[in-house]
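Please open the structure in a viewer and keep the sequence beside it.

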Amino acid sequence: RGAAYYPELWDETELARDVERCREYGLSVLRVGEFAWGRMEPEEGKYIWKDPTARLTRLLKSVLDRGMRLSFRIVVDGRDQGLNTPQYVFDAGAHWYKDPGPTNEATALARKSPFPDDKIFQEKYTKFIEALAQEFNDPDKVDFIDAYGLGKWGEAHTMIYEDHSKKKQVFEWITDLYS
């Protein structure tokens with residue numbers, strides 16, 4: 001179950017039951033998938049995992065306390081989920097596009113996505129991924145980090161570039177970043 005769709009997941013009692021049920025079924029990894037970068041770093045340099053009272057931090061701690069490991073996929077595209085990239089990235093001048101789907105103007109702007117070939121976006125995202133690695137590069141705690149996250153739901157075939165000729169450069173940047 002995803003926390004974005006099931007708010008009761010954040011209730012400590014319900015969470016404990018869910019994690020215990022997972023263990024009973026032999027599951028050993030909790031996937032924090034399609035999780036918005038903006039929720040993990042709402043302000044530049046302020047990482048949610050540094051706040052012991054944050055819901056995500058409590059979720060991660062609960063899982064680790066029960067001997068399970070974590071996996072992550074961090075997404076940046078906001079076309080159908082809302083603002084997944086932190087607003088500070090756009091405020092710094094990163095170029096973006098609005099949701100091209102059938103939405104009103106307010107919804108489209110709330111669903112903006114960065115162009116993955118934008119230098120400001122790449123600079124800010126690099127800093128975030130480096131901080132994520134510093135915190136979670138521990139195989140005793142983390143099973144894997146899905147090292148992509150670009151495109152709608154982190155699916156590369158849906159990426160929209162400002163300059164499509166930079167597709168290879170973006171691929172090399174993102175794969176180098178995660179390696």
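Which pattern does the protein follow when read along the sequence? The pattern is α-β-α-α-β-α-β-α-β-α-β-α, and the protein has seven helices and five strands. Helices (H or I, at least four residues) and strands (E, at least two) are DSSP runs, numbered from the N terminus. This is a predicted model, in which local features need pLDDT of at least 70, side-chain atom pairs count only at pLDDT 80 or more, and totals for chains, interfaces and linings use all residues. Residues are numbered from 1 along each chain as its sequence is written, and side-chain values use heavy atoms, with hydrogens and water left out.

**The whole chain**

Display the whole protein before making any selection. Of its 179 residues, 44% count as buried; buried means under 20% relative accessible area, exposed over 50%, and partly exposed in between (1.4 Å probe, protein chains only). Contact means heavy atoms within 4.5 Å. Among contacts between residues at least 6 apart in sequence, 70% join residues at least 24 apart.

Select helix 3, residues 55-65. Its buried residues are Leu-56, Thr-57, Leu-59, Leu-60, Ser-62 and Val-63. Just after helix 3, Gly-67 takes a positive phi of about 80 degrees.

Next, select strand 2, residues 69-75, where six of the seven residues are buried. Two strands pair if DSSP finds at least two bridges between them. Ser-71 has Phe-144 of strand 5 as its bridge partner.

Phe-72 also belongs to strand 2. Is Phe-72 buried or exposed? Phe-72 counts as buried because its relative accessibility is 0%. From Phe-72 to Phe-144 the separation is 72 residues in sequence and 6.8 Å in space, C-alpha to C-alpha.

Move to Asp-77, in the loop between strand 2 and helix 4 (87-91). Asp-77 is buried, because its relative accessible area is 5%. Its side chain makes a polar contact of 2.7 Å with that of Arg-79. A polar contact is a pair of N or O atoms within 3.5 Å; within protein, one must be able to donate a hydrogen and the other to accept it, and residues adjacent in sequence count only if both atoms are side-chain atoms. Leaving aside residues up to four places away in sequence, Asp-77 touches Gly-82, Asn-84, Tyr-97, Ser-113, Gly-151 and Lys-152.

Asp-77 also lines the largest cavity, as do Tyr-97, Ser-113 and Gly-151, among others. On a 1 Å grid over the protein atoms alone, a cavity is a set of points where a 1.4 Å probe fits but cannot get out, and a pocket is an open set with protein on both sides within 12 Å along at least five of seven lines; lining residues have an atom within 4 Å of a point. The space in this cavity is about 60 Å³.

**The second largest pocket**

Finally, select Ala-133, Phe-136, Asn-137, Ile-145 and Tyr-178, which lie nearest the centre of the second largest pocket among its 14 lining residues. Helix 6 (119-136), strand 5 and helix 7 (167-178) each give two or more residues to that lining. The pocket holds about 220 Å³ of space; grid points are joined across faces, edges and corners, and a volume is the space filled by probe spheres set on the points.
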